[in-house]
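Hi,

Here is the structure I promised you. Have a look at it first, then read my notes below.

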Amino acid sequence: MNMTLTFLWTDIMVWFLVVVLIAWGWVISRSGQVKKQWHTIFKSGIAMASALVLLFYLLFTLLDSVHLRFVADVNENKQSVQYQGEMVSLLDLMFTHNIENSERTYSAPFATHEYVKSIVVDEKGVSQQVNLPLKHVSSSNHFWKDSLFALLVGAGIAFFFIVLHLFWRRRTGKESKLPWKIAYLTLAILIIAFTWLYLLSFSYHVLGTDKVGGDVLYQSLKSIRTGVLIGILTTLIMLPVAIILGVSAGLLGGWVDDVIQYLYTTLSSIPGVLLIAAGVLSMQILMDNNPQWFESTLERSDIRLVFLIVILGITSWTGLCRLLRAETLKISQVEFVTAAKAFGVGKWTIIRRHIIPNLMHIILISIVLDFSGLVLAEAVLSYVGVGVDPTTFSWGNMINQARLEMAREPMVWWSLFSAFIFMFILVLAANLFSDRIQTVLDPRNKT
Amino acid sequence: MSPILKVENLSLMIDANALLKNISFEIQQGEIFALVGESGSGKSLTSLAIMRLLPEVISVTSGDIRLNDTSLFTLPEYKMQKVRGKAIAMIFQEPMSALNPVMTVGEQVAEVLRIHLGLKKEEAKAKVISLFEEVALKEPEERYSWYPHQLSGGQKQRVMISMALACEPEILIADEPTTALDVTIQAQILTLLKQIREQRGLSILFITHDMAVVAEMADRIAVMKEGKIVEQALRENFFTNPQHPYTKALLQDARALKEERDNSQSETLLEVKNVKVYFPIKKGFFQRTVGYVKAVDGVSFSIARGKTLALVGESGSGKSTIGKAILSLVQSSEGEITFDGQKLTGLNNVGLKPYRRKIQVIFQDPFSALNPRMTIANIIREGMESLKVGPQTRKEQDAYICALLEKVDLDPSYMERYPHEFSGGQRQRIGIARALAVEPDLIICDEPTSALDVSVRAQVLSLLKKLQKESGLTYLFITHDLSIIDLVADEVAVMKEGKIVEQGPVQKIMNNPQHPYTQTLLASAPKLPTSE
């Protein structure tokens with residue numbers, strides 16, 4: 001099979017971020033003080049567990065951020081361009097069985113038959129209302145046997161990783177005070193749960209199907225990327241703006257300070273949703289007028305995601321900027337800055353060496369705190385209809401669709417439930433982790 | 001006569017660490033009992049234990065506190081409420097944070113009266129005004145409706161005292177009540193406390209680190225060290241015949257030893273001529289200048305090479321601003337600063353660079369003077385790199401920094417550590433090493449010892465003296481602490497409200513001050529009785 005690696009805009013941003021994270025990790029490992037701080041953060045069992053959960057989510061994001069394009073038969077006569085070489089991510093490859101075997105309509109988790117009755121005319125010519133069997137699960141029905149097998153495989157994989165790590169720990173031979181037991185437990189639970197879901201997904205729709213028969217588990221997993229991207233990349237975009245404006249307002253003062261303060265006061269006095277809606281809608285029009293920019297629907301919805309991230313970034317820097325300005329004002333009056341000035345050290349060096357390092361804790365705390373807020377914001381915006389493209393998988397879109405499903409009788413609950421659970425675990429882990437970071441890094445918490 | 005307050009074998013623990021170890025003392029009716037010690041010795045904890053206001057993590061492991069024969073530890077909380085404020089009152093170091101900023105001071109005192117004595121509103125007001133009169137607050141009726149921010153530090157402390165006296169307590173606990181105040185204000189407050197003691201027969205538990213204040217105030221003195229009382233004595237015996245070696249060392253450090261000075265003449269290094277620093281007051285959107293704060297208003301002095309000029313004044317007198325003007329960190333509005341024959345005023349940043357290395361600065365607060373995110377080596381290296389002084393390769397720099405750390409009596413192995421691992425005195429030494437790294441001629445010492453304990457202060461001062469002798473450094477010593485001037489200075493200039501009111505050789509100023517302000521200043525400073 002012929003294929004090429006392709007990069008969407010968001011893929012580039014994600015992998016750039018990974019490179020930055022690795023570089024940052026390298027910097028941390030070289031500075032004793034910061035390394036010690038991170039060590040303290042992971043001393044808490046909760047932080048360790050939530051970090052692992054976050055890593056798991058990140059893993060799915062990365063899996064979903066490697067896009068391949070299979071070359072279809074090159075045929076000069078073929079006119080249809082949009083189907084040629086649709087992009088597929090690694091995650092899609094893992095779930096091909098679910099993508100290809102879509103059902104006709106709703107089915108409940110682990111169901112063998114459709115959720116709604118259809119009118120069928122049998123051979124005698126009598127029309128009957130029956131629940132048709134599902135295509136995907138028609139063959140076997142050994143739920144308990146399959147489950148047991150999946151659990152054993154999951155336990156095996158988890159065991160393998162844990163033994164590997166134990167072996168590595170013994171080889172390095174360092175005594176560590178980190179709560180490894182909790183880490184192993186979390187890892188085992190995550191791996192076993194995922195293998196169970198994954199293996200059973202070959203014979204069932206584990207979390208049911210939606211209105212057009214799409215697998216809900218697959219949708220929920222695809223939504224991870226959207227949520228995590230919005231959570232991380234938005235912060236990445238707003239961070240430079242907030243830091244540059246906040247620090248220059250605090251340090252330079254005078255008219256610069258006035259202009260920046262005026263800017264963020266104005267910006268933060270406009271209702272956020274209104275601003276985002278206006279931004280998204282104008283981008284929408286721009287994209288509608290230039291259809292030649294995109295080769296496929298995936299690229300189109302990807303651009304829309306990028307725009308949403310940028311717009312969210314532009315509208316959300318004010319809070320952090322205000323904090324950084326105040327802190328810079330405080331630090332620039334402290335005597336070690338005066339000492340640096342007395343040494344004739346330049347403004348940029350003062351910012352780089354004295355001010356930014358002393359702002360780091362605020363920046364870090366706000367990154368992790370904003371993350372969960374932004375994931376939730378995506379859901380709200382998509383629900384309102386100004387979020388991501390309707391074709392993009394996202395928890396917000398799932399919830400938006402579930403609005404009507406909840407009104408049905410009997411209720412179709414699994415779409416909303418899945419979106420809720422996946423989002424809840426992510427946001428909870430992010431909040432617990434940020435809590436710990438705040439406790440350790442905020443100097444006011446030191447006794 | 002039975003003691004009014006009796007502390008017996010009090011021990012406090014946090015986790016497994018003992019904070020107080022078997023503290024015992026008694027306070028008699030009408031007595032001023034001073035608890036002296038350096039920071040962390042457990043003085044304030046003792047006072048909190050008496051009020052039963054200890055944080056919950058601290059547990060009382062043994063001992064008893066008796067007030068007129070009732071054990072305070074056995075009282076139920078609601079009865080203890082009555083003891084606090086009514087039988088035992090307290091005043092604090094920082095009057096600003098002890099007063100509620102959104103209530104008028106009169107209301108705050110009246111509230112105490114209404115709660116504890118059940119007075120009606122009018123009665124309470126009348127009582128408050130009479131209390132304000134007692135603590136010598138001017139225009140008491142008008143002050144009743146003032147807010148805390150409208151009062152000066154000394155006035156706030158008077159309000160605090162009147163509040164403490166409101167319910168006619170038997171004991172007043174004064175926790176460093178004058179540490180945050182200027183010398184002249186401190187003298188007034190101390191006199192006031194003594195007066196009240198005489199009028200009311202009040203007992204005072206006076207907590208302080210300042211030996212000179214103790215000498216002025218106390219009847220009996222207990223010295224604390226690391227949670228223990230090492231010595232208790234009457235004032236008469238305490239200063240003339242201290243028993244414990246720690247007490248002796250404390251007194252030794254507190255007394256400024258006069259040193260022999262060489263009276264050799266040398267050329268002028270720094271000359272400040274009629275310098276004025278005005279800060280514009282800006283208002284409105286376009287930052288119009290509506291007026292000026294005259295921080296320094298026409299100051300002239302000169303320092304000879306290798307000598308020390310002490311610039312003395314109370315807070316707000318503009319002494320630190322002069323230091324900054326010499327460092328060219330603030331623009332002087334008028335006047336000339338000449339250093340080593342070169343006019344500094346009017347030079348731009350590039351022109352200033354050679355002089356940045358010649359003039360350096362040491363700060364008051366050793367905790368904010370060092371960047372917490374940099375290692376000691378990098379802190380010291382910063383100036384060397386910026387000003388291109390000393391070796392420029394990293395390896396040679398490290399050797400140079402090692403030598404510097406040894407020079408200021410620090411272990412060179414500290415190089416890769418961060419500031420938070422050091423005590424106040426050690427940090428101050430690092431600050432000195434940082435200044436020395438660029439081989440300056442003049443060091444501006446901006447209150448370098450006022451945040452330090454007495455014994456550490458003595459060490460830092462002797463280090464500064466040693467460095468001056470070795471390298472012929474010149475110091476501009478900015479301070480409000482009159483007791484150290486004798487030790488460090490060759491000349492003294494006294495500042496008040498941005499102007500120098502008197503200047504001259506140290507013996508002349510200290511022994512025979514001419515200007516009335518200098519006279520009040522010297523008279524206000526508490527003095528230690530000289531040992532025989």
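First, a term: a crossing of two helices is right-handed if the near helix is turned clockwise from the far one by less than a right angle, and left-handed if anticlockwise. Helices are DSSP runs of H or I with at least four residues, strands are runs of E with at least two, and both are numbered from the N terminus.

Bear in mind that this is a predicted model: local features need pLDDT of at least 70, side-chain atom pairs count only at pLDDT 80 or more, and totals for chains, interfaces and linings use all residues. Residues are numbered from 1 along each chain as its sequence is written, with chains lettered from A and ligands numbered from 1 in the order in which they are written.

Now the helices. H8(A) passes H14(A) in a right-handed crossing. Their axes (lines fitted to C-alpha atoms over the stretch in contact, with angles from 0 to 180 degrees between N-to-C directions) come within 8 Å and cross at roughly 145°. Among the residues that meet there are A:Ile230 and A:Leu239 of H8(A), and A:Ile355 and A:Phe371 of H14(A).

Next, the two chains. In total, 21 residues of chain B are in contact (C-beta atoms, placed from the backbone, within 7 Å) with 15 residues of chain A. On chain B's side, helix H13 (349-356), strand S16 (359-362) and helix H14 (376-387) each supply at least two residues. H14(B) gives the most, with four.

One more thing: leaving aside neighbours within four places in sequence, B:Leu311 touches residues including B:Lys319, B:Leu476 and B:Met495.

Cheers

Note on methods: Contact = placed C-beta atoms within 7 Å.
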